[in-house]
Amino acid sequence: MSAVVEPQDREARPGAQMMYSEDPRDIGWVTRNIPCQAACPAGTNVPSYIRAIAEGRHGEAYEINRGANVLPGVLGRICSRPCESACRHGWPGNGEPVGICNLKRSAADLKHAGHRITERLYAPTGKRIAIVGAGPAGVAAAHDLSVLGHDVTLFEREQHFGGMLRYGIPQFRLPRDILEFELHNALRLGVELRRGQGVGKGADEVRVAELLEAHDAVLLAAGCMAPLPLSLKLRGETAEPAGGCPDVEHGLPFLMALHRGERKSVRRRVAVVGAGFTALDCARVATRLGAQAVTIHIRTAEEYIPVTKEEIFEAKREGVRIKGLRTPVGIVLDGGGRLCGVEFVQNRLGAWREDGRRKAIPIEGSEFVEPCDTLLIAIGQRTVNDFLDVKVELDQWQNVRIGEDGMTSTQRLFACGDFVTGPTTVVEAIGRGRQAAQRLDAWLMGKPRRKRVVQIVPVDEPLRERAFDFIGRQQMQTAPLHDRLGKVQPEVELGMDAEQTAQEARRCYLCNLHYQIDVDRCIYCRACIEVAPRNCIKLVQGVEILPDGSYGSLREARDWNQVGAIWIDNNECVRCGACFRACPVNCISITRNEFVEVDTA
């Protein structure tokens, strides 16, 4: 099924037609051939916004981002970058991935000061929705539901919105003026904001049952903010040391108290236990609080730390050391009851775990003590649901269980984000918040009002050159070390200028461009094969058809009498356009294929 509309794109040929398609072949092509977008939990149209940047259309690039991930200026600074791990430019033999996240930030930084945000608003529905929690998932859901015409009230127990963005991430990674700007833009469409209003069983808190009575639906997006406990030996007994020793704290509450404005301090030698972003943030904050020696201790090896390489590099530049293959088993106190060391057991690497990391196997009899004065424990978080005054079904991890419609076992009570999944990343939380909004809207209105289709736009000529493949990845400028550790803590990453941004944008392969050979017009002259810079154009005897109706792998032909077609292998194609220019009969076409959302009939 497809529909034809008039072209509305500057890259389309005059007189050409843009088409919306729900054909499984088109859906399958976009799903499999734009790996960066497939890897993004929010489904960001990466090639499209990078193309806009390359043409100097930074405001348009910002809007493309914002249509998917709601807070592009924030994510351009702190995203975990799953898109870059999947980027075709980073595949073996292709070089380094495109700096997708840096380009997202550039679109936000370089857009015109007078840029006006555009929203596609729906008529008011009269439906009332309460959202509990103003972290990334709650904010994303509140934005989408308000755009869809619902009356949304957002409840947040803290005095400011943002959740982990505000209280878990230091200002030198995410300046608060940027966060405030993006939150305002996301919540400006009539969302009623209830700051400092907890939801729970306390005397001054609102009950979930009361919210259900006053609203058509309630969405729980309370996050995952409770630190995982760590039991350690002390004087022959095993217990949770945080709270029992003044020099031992959990990392996330430590950061949250600091970002609420409380005075925090560390002693001379700081040990951080953990391997995630929170552990890195704790270590880098400790250096700014005056610690003379800061060490992160991890169970496996540095190469398996699930944070970006840039974060590790900057932490090391600031003097943080990382020591691997060790698990904490106890703490050591001096005669005055102050911490003076942490006891570890040495590990060796074991088999691979399901999450792609290695197991840590303790070596018997290898215990040793690492001297330190402050211990920050940052081994992860868990959800807390004991504030609920209504009964909901839980899964094996004690997270709230939801159905395919996003609803809990209690009617009209929905849940999303880390409150359902456990701790994830900011971009995953935003993606799940938007998904929850779509499901909740469909339930309220009795049917889905939006659907995802493939937009196909004919393109007149190649949009990139082969020479772009040899542009090196542009490195972002950072603040000098002597400026980072003073009383004023500036943002460490300073962004890229316009020229760096344009150069980095040119590196993108533009994987949404679909080069196709018309087999009925092809004369099998092999001109395209001869000019191809890679093994991207192949003689095939057939193409696999997958169960969903989309195309699968190519069956290459060994002899000419087996050739059924000349086919472009999109896994190898770098969209340089050499084949398009060389074809003597103009049988190669280019279209831009990408997912868009349209209203249902």
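Reader: Which residues does Arg176 touch, not counting residues up to four places away in sequence?
Author: Please note that this is a predicted model. Within that model, Arg176 touches Leu165, Arg166, Ile169, Pro170, Gln171 and His259, not counting residues up to four places away in sequence.

Reader: And where is Arg176 placed?
Author: Arg176 belongs to helix H10, which covers residues 176–187.

Reader: What is the nearest side chain of opposite charge to Arg176, and how far away is it?
Author: That side chain is Glu180, at 7.6 Å. Arg176 has no salt bridge, although Arg176 is buried.

Reader: Which residue just after H12 takes a positive phi?
Author: That residue is Gly261, with a phi of about 105°.

Reader: Changing topic: where is Val390 found?
Author: Val390 lies in the loop between S19 and strand S20, the latter being residues 413–415.

Reader: Is Val390 buried or exposed, and why?
Author: Val390 counts as buried because its relative accessibility is 17%, and the cut-off for buried is under 20%. Not counting residues up to four places away in sequence, Val390 touches Val208, Ala209, Leu212, Thr410 and Leu413.

Reader: How many Å separate the C-alpha atoms of Val390 and Arg235?
Author: They are separated by 42 Å, and the two residues are 155 residues apart along the chain.

Reader: Now the sheet with S23: in what order do the strands come?
Author: The order is S24-S23-S25, in an open sheet of 3 strands with antiparallel pairing. Strands S24 (551–556) and S25 (565–568) each have a single partner strand, so one side of each is left without a neighbour in the sheet. Neighbouring strands of this sheet are turned by 70° against each other on average, direction ignored.

Reader: How many bridges join S23 to S24?
Author: There are 4 bridges between S24 and strand S23, which covers residues 537–545. In one of the pairings with S24, Val540 has Glu556 as its bridge partner.

Note on methods
Residues numbered from 1 in each chain as written. Predicted model: local features only at pLDDT ≥ 70, side-chain atom pairs only at ≥ 80, totals over all residues. Heavy atoms only, no water. Helix = DSSP H or I, 4+ residues; strand = E, 2+ residues; numbered from the N terminus. Buried < 20%, exposed > 50% of the residue type's maximum accessible area, 1.4 Å probe, protein only. Lys, Arg positive; Asp, Glu negative; His and termini not counted. Salt bridge = Lys/Arg side-chain N within 4 Å of Asp/Glu carboxyl O. Contact = heavy atoms within 4.5 Å. Pairing = 2+ DSSP bridges. Axes fitted to C-alpha atoms, helices over the stretch in contact; angles between N-to-C directions.
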